[in-house]
Amino acid sequence: MSDYYDAFEMSPVPTPGADAVAPLPFRGIYGMPAFVTIPTTDLAASVDFWTRGLGFFELFSIPGTLVHLRRWAFQDVLLRSAESVPAQAPAMSFSFSGVLNQVDSLVEACRALRPDSVDGPRDTPWNTRDVEVITPENARIVFTAAKPFDPASQEARNLEAIGITPPGAGRGDNEEHA
């Protein structure tokens, strides 16, 4: 028996599909359950890339020190002024979700700003389309969009093999988990 249950109602990420509509940028203030802090030697250039290339907006800033960027709810990035940044991107990455119809425009926008910054898109064994972007701060960012679920696909078999089954596939509702 699986301990996993459908809890999509607590996420801003829409149900996967070719016609999925991205939520509006979220401007509310909340206690952030997780966020990433990225050092930068040029706050203005970093903000420009993250907003025009990756689709974030400036929630607030402390001039010369910190810029809080956000996209959807729970997609928070703090750009912090630093004396130096790594010379190359680390193996570790930070991922944020989008929808399929945003993939091509994100790739085009990032390439227009930094031609060699994008790798992909590529489809994954766990049913997403991912784009890897190296930012001006040498952060490795992955934009990931869920693909429509096909129960007959290899991706569905991959997920089922680790205990993740689609909604309504012989499991009860999530009342016991709510």
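Predicted model: local features only at pLDDT ≥ 70, side-chain atom pairs only at ≥ 80, totals over all residues.

Biologist: Which pattern does the chain follow along the sequence?

Modeller: Helices (H or I, at least four residues) and strands (E, at least two) are DSSP runs, numbered from the N terminus. The chain has 3 helices and 8 strands. Read along the sequence, they give the pattern β-α-β-β-β-β-α-β-β-β-α.

Biologist: What share of the residues in the chain is buried?

Modeller: Buried means under 20% relative accessible area, exposed over 50%, and partly exposed in between (1.4 Å probe, protein chains only). The chain has 178 residues, and the buried share of them is 38%.

Biologist: At what angle do the axes of α1 and α2 cross?

Modeller: Two packed helices are described by the angle between their axes and the distance between the axes. Axes here are lines fitted to C-alpha atoms, for helices over the stretch in contact, and angles run from 0 to 180 degrees between N-to-C directions. The axes of α1 (residues 43-52) and α2 come within 9 Å, and their crossing angle is roughly 155 degrees.

Biologist: How are α1 and α2 oriented to each other, roughly parallel or roughly antiparallel?

Modeller: Angles under 35 degrees count as roughly parallel, over 145 as roughly antiparallel, 65 to 115 as roughly perpendicular and the rest as oblique. With a crossing at roughly 155 degrees, α1 and α2 are therefore roughly antiparallel.

Biologist: Why do the buried residues of α2 line one face of the helix, and which residues are they?

Modeller: Seen down the axis of α2, they fall within an arc of 100 degrees, so they line one face (the arc is that of the directions from the helix axis to the C-beta atoms). The face turned away from them carries the exposed residues D104, E108 and A112. Cover for the buried residues includes α1, β5 (94-98), β6 (118-123), β7 (128-134) and β8 (140-146). The buried residues themselves are V103, L106, V107 and C110.

Biologist: Which residues does L106 contact, leaving aside its neighbours within four places in sequence?

Modeller: L106 lies in α2 (residues 103-113), and it counts as buried because its relative accessibility is 6%. Its contacts beyond those neighbours are G53, L54, F96, V131, V133 and F143.

Biologist: How far is S93 from V142 in space?

Modeller: S93 sits in the loop between β4 (76-81) and β5, and at 37% relative accessibility it counts as partly exposed. Leaving aside neighbours within four places in sequence, S93 is in contact with R140 and V142. S93 and V142 are 49 residues apart in sequence, and their C-alpha to C-alpha separation is 6.7 Å.

Key: Residues numbered from 1 in each chain as written. Heavy atoms only, no water. Contact = heavy atoms within 4.5 Å.
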